[in-house]
Amino acid sequence: MNRDEWTAFSLQTIGRRQIRSVRISDLMLLADPVVDGLFLSRFLLEVEESGYPRVVTVRRMYWRRSESGAFRIIAEDAG
């Protein structure tokens, strides 16, 4: 899927989900020692939906700080 297809899919499915709880734990945030303004976050994400078993994933996101100071996700991975 390209970005536009993924966005459309996400918007169509997320509205139908009956999420009961979301929990984030073991959060770690690291600054890249070589690339200024680049950060890595890693955490456990637990999502519980009505009628489905709890799903636990490890999420990794790379963030970049813009000149204005805002953070933007530039890459993410789940496993």
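Select Arg60 to begin: at 26% relative accessibility, Arg60 counts as partly exposed. Keep in mind that this is a predicted model.

Asp77 and Arg60 form a salt bridge, with the closest N and O atoms 2.6 Å apart. Asp77 sits in strand β4 and Arg60 in strand β3, so the bridge ties together parts 17 residues apart in sequence. Asp77 is partly exposed too, at 39% relative accessibility.

Next, select Glu76 and Arg59. Their side chains meet in a salt bridge, 2.5 Å from N to O. Check the cover on each partner. Glu76 counts as partly exposed at 48% relative accessibility. Arg59 has a relative accessible area of 19%, so Arg59 is buried, the cut-off being under 20%.

Move to Arg54 and Glu46. Here is another salt bridge, with the closest N and O atoms 2.6 Å apart. Arg54 is exposed, with a relative accessible area of 51%.

Across the whole structure, a search finds four salt bridges; the pairs visited here are among them.

Last stop: select Ile19, Val22, Ile24 and Leu27. Together they form a nonpolar surface patch with about 400 Å² of accessible area. Pick out Val22, which lies in strand β1 (residues 19–31). Val22 has a relative accessible area of 51%, so Val22 is exposed, the cut-off being over 50%.

Technical notes:
Residues are numbered from 1 along each chain as its sequence is written. This is a predicted model: local features need pLDDT of at least 70, side-chain atom pairs count only at pLDDT 80 or more; totals for chains, interfaces and linings use all residues. Side-chain values use heavy atoms; hydrogens and water are left out. Patches are made of residues with over 30% relative accessible area and no salt bridge: like charges are joined within 9 Å, nonpolar side chains (Val, Leu, Ile, Met, Phe, Trp, Tyr) within 5 Å. Accessible areas come from the Shrake-Rupley method with a 1.4 Å probe; for residues, only the protein chains shown count as cover. Helices (H or I, at least four residues) and strands (E, at least two) are DSSP runs, numbered from the N terminus. Buried means under 20% relative accessible area, exposed over 50%, partly exposed in between (1.4 Å probe, protein chains only).
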